[in-house]
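Please look over the sequence and the structure first.

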Amino acid sequence: MTPTPVTRRSLLGGLAAGGALMVGNGLTGSAPLVSAAGAGGDLPRTADVVVVGGGISGLVAARELARAGRSVVLLEARDRVGGRVLNHTLANGAVIESGGAFVGPTQDHILALAKELGVATFKEYVAGDNVFAANGHTMRYTGTIPPDLSIILDAYIMQLRIDWMSSQVPVAAPWTAPDATAWDGITAREWVRQNTFNPATGNLLLSYLQPTYGSDGEDVSLLFFLWNIACSGNETSPGTFERASGTADGAQDSRFVGGSQLIPLGLAAQLGDIVHTQAPVRRIAQDANTVTVTTDRGPVTAKRAIVAAPPSLVAAIDWDPLMPPLRQQLLQRLHLGTLMKVDAVYPTPFWRASGLSGSGIADSGAVRTCFDNSPPDASVGVLLAFVGGSTWRAWANRPLAERRNAMLQGFAQIVGPQALQPIDYVEHDWTHDRWTLGSPVASAGTGTTTAFGPQIRVPFGRVHWAGTETSTYWAGFMDGAVRAGKRSAEEVLRS
Ligand SMILES: Cc1cc2nc3c(=O)[nH]c(=O)nc-3n(C[C@H](O)[C@H](O)[C@H](O)COP(=O)(O)OP(=O)(O)OC[C@H]3O[C@@H](n4cnc5c(N)ncnc54)[C@H](O)[C@@H]3O)c2cc1C
């Protein structure tokens, strides 16, 4: 196949084709999971900018550059775009997500992008009571903190302190926080242990940490945790624990009609022949004038590159010259979490009739955190559990039948015995994904942010960094991916 030069004209063709595709399928309903973009043949040999990674961040970066008139080649290892965002279509045609799904207030960039692409949101179901299961008993409650008298005061004070401390952490430079060294020298778990009366309060915090980081409190430093809370906002609304962890008005406020993967698919449709799937990048070499990115489908030489992949996958690329040691060390220390998303499907969301929201927290077992994940028309009922960190280690490597049984028992504990009889059961363990290697996000343990954090966005010669982990707001989320994509493209355009 003759190499296709990427020109402004081909971009416009791509945008036009994208527009036609969007009208054609309305970007709702069951969208194809594989991008329509080039998946075979030779790559263009040259471009102004080459973007590595076809997740939301790389796609946004490529679009910004293409809109500014630059020729762009986007190289994606998988046979699809979206990275950590992946739709799953159920037997009745309803769509749920295996990866990123929830959005909420202050996530302005992903919400604006969705609106532009015609992808609507709907509110996460929150009517009715949540359930807290602890010590073999269950209690119903509303709001975010379970009304367990033994922990409520502890949890309330802990939340106030977390908000106050995180307000001291600058989102773009957490290593400059007044207490950065002390806070980076202690794990989140140890801080909680020292500052609560009841060990159960720290255990409760796992229902936030495991889904959000795929890690436990001992895996992340207090500074990283506080920075992540500070990031859970925007330029006018500082992040708070409530915003980061909450459902209504929080990070789990809403979902996308038709599934979040409609967003990367919509971007790829607009980009057209700029996007090349099945093109894993193995090597990046640069000199004073160019950067050459070598894939299984051949090399592409450009003036600049943007790398928009998770840290451990960036570290696995063969760099010539090597990345600066401080950056290498940072990437080695940013560890991806371990997380599995499990969905049980029922003929109806039966729990709603009993006045239950489907949300629940448990102090033990395979289901530590549970949400109603039903589609907007409630054509089926879906319960979702995040199995992360130590809960992932306890359950992910057991036989499927044993794990499935434990998951259903966990759901039954929250919504009743009907949960034991699903019509479908779906799980996605992201540690098995060659091009993600864990999820949902990379986190930092003690000492990393202060010693190596300042490297996070520093360009390496002709190479610039995108990916949600490099964002200053909503890092680790889809919104952070959009923000980082835009920022990296601005850097390249300025340079
Ligand atoms: C289970 C789970 C639940 C989540 N829940 C939420 C949620 O509810 N809300 C939310 O906002 N976020 C959530 N997230 C996080 C969100 O999905 C991510 O923050 C976001 O999608 C990251 O986008 P990205 O473009 O930065 O990275 P990625 O999506 O990881 O994209 C990187 C891309 O680079 C490609 N790549 C890697 N290495 C190479 C290489 N060498 N050559 C070429 N290509 C390469 C990968 O294949 C991938 O497509 C969740 C994630 C998971 C996994």
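The sections below cover the model, the ligand shell, a helix pair and a sheet.

## Model and numbering

The model is predicted; local features need pLDDT of at least 70, side-chain atom pairs count only at pLDDT 80 or more, and totals for chains, interfaces and linings use all residues. Residue numbers start from 1 along each chain as its sequence is written.

## Ligand shell

The ligand is surrounded by 40 residues, the closest being Gly 53, Gly 55, Gly 83, Gly 100 and Pro 440 (C-beta atom, placed from the backbone, within 6 Å of the ligand). Helix H2 (56-67), strand E15 (339-346) and helix H16 (478-494) each give two or more residues to this shell; helices (H or I, at least four residues) and strands (E, at least two) are DSSP runs, numbered from the N terminus.

## Helices H2 and H10

The axes of H2 and helix H10 (residues 262-271) come within 10 Å and cross at roughly 30°; axes are lines fitted to C-alpha atoms, for helices over the stretch in contact, and angles run from 0 to 180 degrees between N-to-C directions. H2 is therefore roughly parallel to H10 (an angle under 35 degrees).

## The seven-stranded sheet

Seven strands make an open sheet of mixed pairing, in the order E7-E6-E16-E17-E18-E15-E19; strands pair if DSSP finds at least two bridges between them. Strand E7 (137-141) and strand E19 (424-429) are at the edges with a single partner strand each, so one side of each has no neighbour in the sheet.

E15 and E19 pair in the antiparallel sense over six bridges. Lys 341 has His 428 in E19 as its bridge partner.

Technical notes. Angles under 35 degrees count as roughly parallel, over 145 as roughly antiparallel, 65 to 115 as roughly perpendicular and the rest as oblique.
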